[in-house]
Amino acid sequence: MTSSARPLLNRRLAEFGTTIFAEMSALALKTGSINLGQGFPDTDGPEEVREAAVRALRDGRGNQYPPGPGIPELRTAIAAHQQRRYGLSYDPDTEVLVTAGATEAIAAALLALVEPGDEVIALEPYYDSYAACIAMAGGQRVPVTLRPGEGRFRLDLDELRDAVTDRTRLLLINTPHNPTGTVLTREELASIAELAVERDLLVVTDEVYEHLVFDDAEHVPLATFPGMRDRTVSIGSAGKTFSFTGWKVGWVTGTPALVTAVRSAKQFLTYVSAGPFQYAVAEALALPESYFTAFREDLRAKRDTLAAGLTEAGFSVFHTAGTYFLTADIRPLGETDGITFCRALPDRAGVVAIPTAVFYDHREQGAPFVRFAFCKKEPVLSEAITRLQGLRT
(Lines give C-alpha, C1' and ligand atoms only; values in the text may rest on other atoms or scores of the structure.)
Protein backbone atom coordinates (compact mmCIF):
# COMPACT_ATOMS: atom_id res chain seq x y z
CA MET A 1 0.00 0.00 0.00
CA THR A 2 1.45 3.34 -1.04
CA SER A 3 1.55 6.33 1.29
CA SER A 4 1.77 8.79 -1.60
CA ALA A 5 -1.25 10.58 -3.04
CA ARG A 6 0.36 10.46 -6.46
CA PRO A 7 -1.65 8.37 -8.98
CA LEU A 8 -0.09 4.99 -9.72
CA LEU A 9 -0.74 5.13 -13.47
CA ASN A 10 1.45 7.66 -15.26
CA ARG A 11 -0.28 10.59 -16.90
CA ARG A 12 0.46 9.40 -20.44
CA LEU A 13 -1.77 6.37 -19.89
CA ALA A 14 -4.25 7.91 -17.47
CA GLU A 15 -6.96 8.22 -20.12
CA PHE A 16 -6.76 4.52 -20.97
CA GLY A 17 -8.55 2.03 -18.77
CA THR A 18 -9.64 -1.52 -19.53
CA THR A 19 -10.08 -1.95 -23.28
CA ILE A 20 -13.58 -2.08 -24.67
CA PHE A 21 -12.76 -5.56 -26.03
CA ALA A 22 -12.09 -6.92 -22.54
CA GLU A 23 -15.25 -5.28 -21.19
CA MET A 24 -17.54 -6.58 -23.92
CA SER A 25 -16.01 -10.07 -24.03
CA ALA A 26 -16.52 -10.35 -20.27
CA LEU A 27 -20.11 -9.27 -20.78
CA ALA A 28 -20.55 -11.95 -23.44
CA LEU A 29 -19.31 -14.60 -21.03
CA LYS A 30 -21.44 -13.35 -18.17
CA THR A 31 -24.65 -13.30 -20.21
CA GLY A 32 -23.99 -16.26 -22.51
CA SER A 33 -24.28 -13.97 -25.52
CA ILE A 34 -22.97 -14.50 -29.03
CA ASN A 35 -19.78 -12.46 -29.26
CA LEU A 36 -19.68 -10.50 -32.50
CA GLY A 37 -17.56 -7.87 -30.80
CA GLN A 38 -13.91 -8.90 -30.64
CA GLY A 39 -12.41 -9.75 -34.00
CA PHE A 40 -11.28 -13.34 -33.77
CA PRO A 41 -12.51 -16.31 -35.82
CA ASP A 42 -14.31 -19.20 -34.13
CA THR A 43 -12.54 -21.76 -36.33
CA ASP A 44 -8.85 -22.56 -36.72
CA GLY A 45 -6.93 -21.92 -39.90
CA PRO A 46 -5.54 -24.47 -42.39
CA GLU A 47 -4.77 -27.89 -40.94
CA GLU A 48 -1.43 -28.05 -42.74
CA VAL A 49 -0.31 -24.86 -41.05
CA ARG A 50 -1.34 -26.11 -37.62
CA GLU A 51 0.50 -29.36 -38.28
CA ALA A 52 3.59 -27.39 -39.29
CA ALA A 53 3.58 -25.83 -35.80
CA VAL A 54 3.20 -29.27 -34.19
CA ARG A 55 6.04 -30.59 -36.31
CA ALA A 56 8.28 -27.70 -35.26
CA LEU A 57 7.50 -28.39 -31.60
CA ARG A 58 8.25 -32.09 -31.92
CA ASP A 59 11.44 -31.45 -33.89
CA GLY A 60 12.69 -29.05 -31.23
CA ARG A 61 12.66 -26.05 -33.54
CA GLY A 62 11.71 -22.84 -31.80
CA ASN A 63 11.33 -24.29 -28.30
CA GLN A 64 14.19 -22.04 -27.16
CA TYR A 65 14.74 -18.38 -27.98
CA PRO A 66 14.59 -17.78 -31.72
CA PRO A 67 16.90 -15.17 -33.28
CA GLY A 68 16.02 -11.59 -32.35
CA PRO A 69 14.94 -10.53 -35.86
CA GLY A 70 12.95 -13.75 -36.34
CA ILE A 71 13.92 -17.12 -37.79
CA PRO A 72 15.57 -16.90 -41.25
CA GLU A 73 12.88 -19.12 -42.82
CA LEU A 74 10.11 -16.73 -41.86
CA ARG A 75 12.01 -13.58 -42.81
CA THR A 76 12.73 -15.14 -46.21
CA ALA A 77 9.06 -16.11 -46.61
CA ILE A 78 7.91 -12.57 -45.74
CA ALA A 79 10.31 -11.06 -48.26
CA ALA A 80 9.15 -13.53 -50.92
CA HIS A 81 5.50 -12.67 -50.15
CA GLN A 82 6.14 -8.94 -50.59
CA GLN A 83 7.99 -9.53 -53.84
CA ARG A 84 5.48 -11.98 -55.29
CA ARG A 85 2.38 -9.96 -54.49
CA TYR A 86 3.49 -6.35 -54.70
CA GLY A 87 6.85 -6.27 -56.48
CA LEU A 88 8.49 -4.95 -53.29
CA SER A 89 12.02 -6.23 -52.83
CA TYR A 90 13.30 -6.58 -49.24
CA ASP A 91 16.48 -8.13 -47.90
CA PRO A 92 15.42 -10.79 -45.37
CA ASP A 93 18.53 -10.14 -43.27
CA THR A 94 18.31 -6.35 -42.94
CA GLU A 95 14.82 -5.25 -44.00
CA VAL A 96 12.47 -7.71 -42.26
CA LEU A 97 11.70 -7.97 -38.53
CA VAL A 98 9.36 -10.50 -36.89
CA THR A 99 7.26 -9.17 -34.01
CA ALA A 100 4.78 -10.40 -31.40
CA GLY A 101 1.82 -9.63 -33.59
CA ALA A 102 1.07 -6.37 -35.35
CA THR A 103 0.27 -4.66 -32.04
CA GLU A 104 3.87 -4.95 -30.90
CA ALA A 105 5.06 -3.81 -34.32
CA ILE A 106 2.94 -0.66 -34.01
CA ALA A 107 4.18 -0.01 -30.48
CA ALA A 108 7.84 -0.56 -31.38
CA ALA A 109 7.59 1.62 -34.50
CA LEU A 110 6.04 4.53 -32.62
CA LEU A 111 8.39 4.21 -29.64
CA ALA A 112 11.35 4.17 -32.02
CA LEU A 113 10.36 6.93 -34.41
CA VAL A 114 8.39 9.47 -32.35
CA GLU A 115 9.97 12.04 -30.05
CA PRO A 116 7.98 13.63 -27.20
CA GLY A 117 5.87 16.42 -28.65
CA ASP A 118 5.87 15.08 -32.23
CA GLU A 119 2.47 15.02 -33.90
CA VAL A 120 1.21 11.71 -35.27
CA ILE A 121 -1.74 11.79 -37.67
CA ALA A 122 -4.04 8.75 -37.51
CA LEU A 123 -7.24 7.99 -39.40
CA GLU A 124 -10.13 7.82 -36.98
CA PRO A 125 -12.01 5.81 -35.91
CA TYR A 126 -8.85 3.88 -35.11
CA TYR A 127 -7.76 0.65 -33.48
CA ASP A 128 -7.48 1.53 -29.79
CA SER A 129 -3.81 0.60 -29.40
CA TYR A 130 -2.84 3.47 -31.74
CA ALA A 131 -3.81 6.11 -29.21
CA ALA A 132 -2.11 4.29 -26.33
CA CYS A 133 1.11 3.71 -28.29
CA ILE A 134 1.29 7.33 -29.42
CA ALA A 135 0.82 8.37 -25.79
CA MET A 136 3.54 5.99 -24.56
CA ALA A 137 5.91 7.50 -27.12
CA GLY A 138 5.08 10.96 -25.85
CA GLY A 139 3.58 12.01 -29.17
CA GLN A 140 0.51 14.11 -29.82
CA ARG A 141 -2.18 12.33 -31.80
CA VAL A 142 -3.98 14.28 -34.49
CA PRO A 143 -7.09 12.51 -35.78
CA VAL A 144 -8.28 12.83 -39.35
CA THR A 145 -11.80 11.45 -39.51
CA LEU A 146 -13.17 9.03 -42.08
CA ARG A 147 -16.66 10.40 -42.61
CA PRO A 148 -19.80 8.48 -43.57
CA GLY A 149 -21.34 9.21 -46.93
CA GLU A 150 -23.07 7.26 -49.69
CA GLY A 151 -23.17 4.11 -47.59
CA ARG A 152 -19.48 3.95 -46.71
CA PHE A 153 -16.72 5.83 -44.87
CA ARG A 154 -14.42 8.08 -46.88
CA LEU A 155 -11.18 9.97 -46.36
CA ASP A 156 -11.17 13.73 -46.98
CA LEU A 157 -7.75 14.32 -48.52
CA ASP A 158 -8.01 18.09 -48.00
CA GLU A 159 -8.62 17.52 -44.31
CA LEU A 160 -5.57 15.25 -44.17
CA ARG A 161 -3.40 17.86 -45.88
CA ASP A 162 -4.65 20.60 -43.55
CA ALA A 163 -3.81 18.48 -40.50
CA VAL A 164 -0.09 18.44 -41.32
CA THR A 165 1.94 21.05 -39.44
CA ASP A 166 5.62 21.74 -38.88
CA ARG A 167 5.36 19.46 -35.82
CA THR A 168 4.00 16.47 -37.76
CA ARG A 169 6.46 13.59 -37.69
CA LEU A 170 4.49 10.61 -38.89
CA LEU A 171 1.34 9.40 -40.64
CA LEU A 172 -0.23 6.24 -39.20
CA ILE A 173 -2.27 4.72 -42.04
CA ASN A 174 -4.51 1.66 -41.71
CA THR A 175 -5.88 0.07 -44.88
CA PRO A 176 -7.94 -2.08 -45.11
CA HIS A 177 -9.33 -0.04 -42.26
CA ASN A 178 -10.57 -1.31 -38.91
CA PRO A 179 -13.32 -0.62 -37.88
CA THR A 180 -14.96 0.97 -40.95
CA GLY A 181 -14.00 -1.61 -43.59
CA THR A 182 -12.73 1.15 -45.89
CA VAL A 183 -10.02 0.19 -48.38
CA LEU A 184 -8.14 3.26 -49.58
CA THR A 185 -8.06 3.52 -53.37
CA ARG A 186 -4.95 3.74 -55.50
CA GLU A 187 -5.74 7.42 -56.13
CA GLU A 188 -6.14 8.19 -52.41
CA LEU A 189 -2.89 6.40 -51.60
CA ALA A 190 -1.07 8.30 -54.36
CA SER A 191 -2.21 11.57 -52.78
CA ILE A 192 -1.04 10.41 -49.34
CA ALA A 193 2.32 9.45 -50.83
CA GLU A 194 2.71 12.85 -52.51
CA LEU A 195 1.92 14.58 -49.21
CA ALA A 196 4.42 12.44 -47.27
CA VAL A 197 7.19 13.16 -49.77
CA GLU A 198 6.36 16.85 -49.99
CA ARG A 199 6.36 17.33 -46.20
CA ASP A 200 9.13 14.79 -45.52
CA LEU A 201 7.00 12.61 -43.26
CA LEU A 202 7.55 9.09 -42.03
CA VAL A 203 4.67 6.67 -42.54
CA VAL A 204 3.66 3.56 -40.59
CA THR A 205 1.14 1.43 -42.47
CA ASP A 206 -0.97 -1.18 -40.69
CA GLU A 207 -1.81 -3.70 -43.42
CA VAL A 208 -2.87 -6.69 -41.34
CA TYR A 209 -6.08 -7.12 -43.37
CA GLU A 210 -4.24 -7.04 -46.71
CA HIS A 211 -5.75 -10.35 -47.86
CA LEU A 212 -9.28 -9.57 -46.62
CA VAL A 213 -10.55 -7.40 -49.47
CA PHE A 214 -13.81 -7.97 -51.32
CA ASP A 215 -15.61 -7.25 -54.57
CA ASP A 216 -13.58 -4.85 -56.72
CA ALA A 217 -11.47 -3.47 -53.84
CA GLU A 218 -7.69 -3.72 -54.17
CA HIS A 219 -5.04 -3.56 -51.49
CA VAL A 220 -2.07 -1.49 -52.66
CA PRO A 221 0.83 -1.07 -50.20
CA LEU A 222 1.82 2.56 -49.72
CA ALA A 223 5.47 1.54 -50.00
CA THR A 224 4.96 0.85 -53.72
CA PHE A 225 4.43 4.53 -54.56
CA PRO A 226 7.26 6.83 -55.70
CA GLY A 227 9.43 8.05 -52.84
CA MET A 228 7.68 5.90 -50.24
CA ARG A 229 9.85 2.82 -49.78
CA ASP A 230 12.51 4.84 -47.97
CA ARG A 231 10.05 6.42 -45.53
CA THR A 232 7.51 3.66 -44.88
CA VAL A 233 7.36 1.03 -42.14
CA SER A 234 4.93 -1.62 -43.39
CA ILE A 235 3.28 -3.91 -40.84
CA GLY A 236 1.74 -7.30 -41.56
CA SER A 237 0.38 -10.19 -39.54
CA ALA A 238 -0.39 -13.88 -39.83
CA GLY A 239 -3.29 -13.82 -37.38
CA LYS A 240 -5.95 -12.32 -39.63
CA THR A 241 -4.80 -13.99 -42.85
CA PHE A 242 -4.54 -17.54 -41.50
CA SER A 243 -7.02 -17.46 -38.58
CA PHE A 244 -4.43 -18.13 -35.89
CA THR A 245 -4.79 -14.91 -33.93
CA GLY A 246 -3.50 -16.50 -30.71
CA TRP A 247 -0.09 -17.17 -32.23
CA LYS A 248 0.74 -13.45 -32.32
CA VAL A 249 3.11 -13.49 -35.28
CA GLY A 250 3.54 -10.16 -37.03
CA TRP A 251 6.26 -8.43 -39.00
CA VAL A 252 7.78 -5.18 -40.14
CA THR A 253 9.35 -4.44 -43.52
CA GLY A 254 11.28 -1.31 -44.42
CA THR A 255 14.73 0.05 -45.15
CA PRO A 256 17.65 -1.17 -42.99
CA ALA A 257 17.65 2.13 -41.10
CA LEU A 258 13.91 1.98 -40.33
CA VAL A 259 13.94 -1.71 -39.38
CA THR A 260 16.99 -1.19 -37.16
CA ALA A 261 15.21 1.66 -35.39
CA VAL A 262 12.08 -0.42 -34.80
CA ARG A 263 14.14 -3.38 -33.63
CA SER A 264 15.92 -1.14 -31.10
CA ALA A 265 12.58 -0.60 -29.38
CA LYS A 266 11.17 -4.08 -30.00
CA GLN A 267 14.10 -5.86 -28.32
CA PHE A 268 13.10 -4.30 -25.00
CA LEU A 269 9.43 -5.24 -25.33
CA THR A 270 9.20 -9.00 -25.96
CA TYR A 271 12.70 -9.51 -27.40
CA VAL A 272 11.45 -12.68 -29.14
CA SER A 273 8.24 -14.72 -29.24
CA ALA A 274 6.27 -17.51 -30.91
CA GLY A 275 9.28 -19.67 -31.83
CA PRO A 276 7.56 -22.79 -33.22
CA PHE A 277 4.77 -20.74 -34.78
CA GLN A 278 7.28 -18.80 -36.83
CA TYR A 279 8.15 -21.98 -38.73
CA ALA A 280 4.47 -22.64 -39.38
CA VAL A 281 3.81 -19.12 -40.64
CA ALA A 282 6.76 -19.42 -43.01
CA GLU A 283 4.96 -22.37 -44.60
CA ALA A 284 1.60 -20.59 -44.52
CA LEU A 285 2.89 -17.65 -46.56
CA ALA A 286 3.77 -20.10 -49.33
CA LEU A 287 0.24 -21.56 -49.57
CA PRO A 288 -1.19 -21.57 -53.12
CA GLU A 289 -3.35 -18.70 -54.32
CA SER A 290 -6.39 -20.96 -54.09
CA TYR A 291 -6.23 -20.70 -50.29
CA PHE A 292 -6.37 -16.90 -50.29
CA THR A 293 -9.15 -16.85 -52.88
CA ALA A 294 -11.30 -19.34 -50.95
CA PHE A 295 -10.66 -17.49 -47.69
CA ARG A 296 -11.83 -14.19 -49.18
CA GLU A 297 -14.90 -15.75 -50.75
CA ASP A 298 -15.91 -17.41 -47.49
CA LEU A 299 -15.66 -14.11 -45.63
CA ARG A 300 -17.44 -12.20 -48.38
CA ALA A 301 -20.40 -14.57 -48.09
CA LYS A 302 -20.45 -14.14 -44.31
CA ARG A 303 -20.29 -10.37 -44.72
CA ASP A 304 -23.31 -10.49 -47.01
CA THR A 305 -25.21 -12.77 -44.63
CA LEU A 306 -24.66 -10.49 -41.65
CA ALA A 307 -25.27 -7.29 -43.60
CA ALA A 308 -28.62 -8.59 -44.83
CA GLY A 309 -29.58 -9.78 -41.35
CA LEU A 310 -28.67 -6.49 -39.69
CA THR A 311 -30.62 -4.56 -42.32
CA GLU A 312 -33.65 -6.78 -41.73
CA ALA A 313 -33.29 -6.20 -37.98
CA GLY A 314 -33.59 -2.46 -38.54
CA PHE A 315 -29.98 -1.24 -38.66
CA SER A 316 -28.56 0.90 -41.44
CA VAL A 317 -25.43 -0.96 -42.59
CA PHE A 318 -22.36 0.61 -44.18
CA HIS A 319 -20.56 -1.15 -47.01
CA THR A 320 -17.43 -3.08 -46.01
CA ALA A 321 -14.76 -3.41 -48.71
CA GLY A 322 -12.22 -5.12 -46.45
CA THR A 323 -11.48 -6.55 -42.96
CA TYR A 324 -14.04 -8.75 -41.20
CA PHE A 325 -16.08 -6.02 -39.60
CA LEU A 326 -19.37 -4.32 -40.42
CA THR A 327 -20.33 -0.89 -39.09
CA ALA A 328 -24.03 -0.30 -38.48
CA ASP A 329 -26.02 2.85 -37.64
CA ILE A 330 -28.45 2.39 -34.73
CA ARG A 331 -30.52 5.53 -35.36
CA PRO A 332 -33.15 3.73 -37.46
CA LEU A 333 -33.84 1.72 -34.30
CA GLY A 334 -34.54 4.92 -32.40
CA GLU A 335 -31.17 4.79 -30.62
CA THR A 336 -28.41 7.41 -30.59
CA ASP A 337 -25.82 6.27 -28.03
CA GLY A 338 -23.78 3.29 -29.22
CA ILE A 339 -22.02 2.77 -25.89
CA THR A 340 -25.29 2.52 -23.97
CA PHE A 341 -26.78 0.41 -26.75
CA CYS A 342 -23.91 -2.11 -26.73
CA ARG A 343 -23.87 -2.44 -22.96
CA ALA A 344 -27.58 -3.25 -23.01
CA LEU A 345 -27.55 -5.43 -26.12
CA PRO A 346 -26.49 -8.69 -24.39
CA ASP A 347 -29.50 -8.54 -22.09
CA ARG A 348 -31.84 -7.31 -24.81
CA ALA A 349 -30.82 -9.71 -27.58
CA GLY A 350 -28.05 -12.04 -26.39
CA VAL A 351 -25.52 -10.53 -28.80
CA VAL A 352 -22.35 -8.52 -28.20
CA ALA A 353 -21.12 -5.72 -30.47
CA ILE A 354 -18.54 -2.94 -30.04
CA PRO A 355 -19.50 0.76 -29.85
CA THR A 356 -17.49 2.58 -32.50
CA ALA A 357 -17.42 5.79 -30.43
CA VAL A 358 -14.56 4.41 -28.33
CA PHE A 359 -12.34 4.59 -31.42
CA TYR A 360 -12.81 8.36 -31.78
CA ASP A 361 -11.15 11.29 -30.02
CA HIS A 362 -14.44 13.16 -30.26
CA ARG A 363 -16.84 10.41 -29.32
CA GLU A 364 -19.92 12.24 -30.50
CA GLN A 365 -18.78 11.67 -34.11
CA GLY A 366 -19.07 7.91 -33.68
CA ALA A 367 -21.93 7.88 -31.17
CA PRO A 368 -24.60 6.21 -33.36
CA PHE A 369 -22.33 3.54 -34.85
CA VAL A 370 -21.57 -0.01 -33.68
CA ARG A 371 -19.21 -2.65 -35.06
CA PHE A 372 -20.01 -6.32 -35.64
CA ALA A 373 -17.48 -9.04 -36.56
CA PHE A 374 -18.56 -11.56 -39.21
CA CYS A 375 -15.57 -13.95 -38.95
CA LYS A 376 -17.79 -16.57 -37.34
CA LYS A 377 -19.43 -19.82 -38.42
CA GLU A 378 -22.58 -19.45 -40.51
CA PRO A 379 -24.84 -21.04 -37.85
CA VAL A 380 -23.48 -18.56 -35.29
CA LEU A 381 -24.21 -15.61 -37.58
CA SER A 382 -27.68 -16.99 -38.33
CA GLU A 383 -28.50 -17.37 -34.64
CA ALA A 384 -27.22 -13.86 -33.91
CA ILE A 385 -29.41 -12.48 -36.70
CA THR A 386 -32.44 -14.31 -35.32
CA ARG A 387 -31.80 -12.86 -31.87
CA LEU A 388 -31.42 -9.33 -33.23
CA GLN A 389 -34.78 -9.41 -35.04
CA GLY A 390 -36.54 -8.53 -31.81
CA LEU A 391 -34.90 -5.10 -31.66
CA ARG A 392 -37.46 -3.65 -34.03
CA THR A 393 -40.09 -3.97 -31.31
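This is a predicted model: local features need pLDDT of at least 70, side-chain atom pairs count only at pLDDT 80 or more; totals for chains, interfaces and linings use all residues.
A separate topic is R371, which is buried yet has no salt bridge.

**Largest cavity**
- Its lining consists of Q82, Y86, E207, E210, S234, I235, G236, W251 and T253.
- Two or more residues of this lining come from each of α3 (72–86), β9 (232–237) and β10 (250–253).
- Strand β9 gives the largest share of the lining, with three residues.
- Sorted by class, the lining of the largest cavity has four polar, three nonpolar and two charged residues.

**Second largest cavity**
- The residues P67, G68, G70, V98, T99, A100, K266, Y271, V272, S273 and Q278 line the second largest cavity.
- The classes here are five nonpolar, five polar and one charged.

**R371**
- R371 sits in strand β15, which covers residues 369–373.
- For buried R371, the nearest side chain of opposite charge is that of D128, 8.0 Å away; a salt bridge would need the charged atoms within 4 Å.
- The side chain of R371 makes a polar contact of 2.8 Å with the side chain of N178.
- A polar atom of the R371 side chain also lies 2.9 Å from the backbone oxygen of G37.

Definitions and conventions. Residues are numbered from 1 along each chain as its sequence is written. Side-chain values use heavy atoms; hydrogens and water are left out. On a 1 Å grid over the protein atoms alone, a cavity is a set of points where a 1.4 Å probe fits but cannot get out, and a pocket is an open set with protein on both sides within 12 Å along at least five of seven lines; lining residues have an atom within 4 Å of a point. Helices (H or I, at least four residues) and strands (E, at least two) are DSSP runs, numbered from the N terminus. Ala, Val, Leu, Ile, Met, Phe, Trp, Tyr, Cys and Pro count as nonpolar, Asp, Glu, Lys and Arg as charged, and the others, Gly among them, as polar. Buried means under 20% relative accessible area, exposed over 50%, partly exposed in between (1.4 Å probe, protein chains only). Lys and Arg count as positive and Asp and Glu as negative; His and the chain ends are not counted. A polar contact is a pair of N or O atoms within 3.5 Å; within protein, one must be able to donate a hydrogen and the other to accept it, and residues adjacent in sequence count only if both atoms are side-chain atoms.
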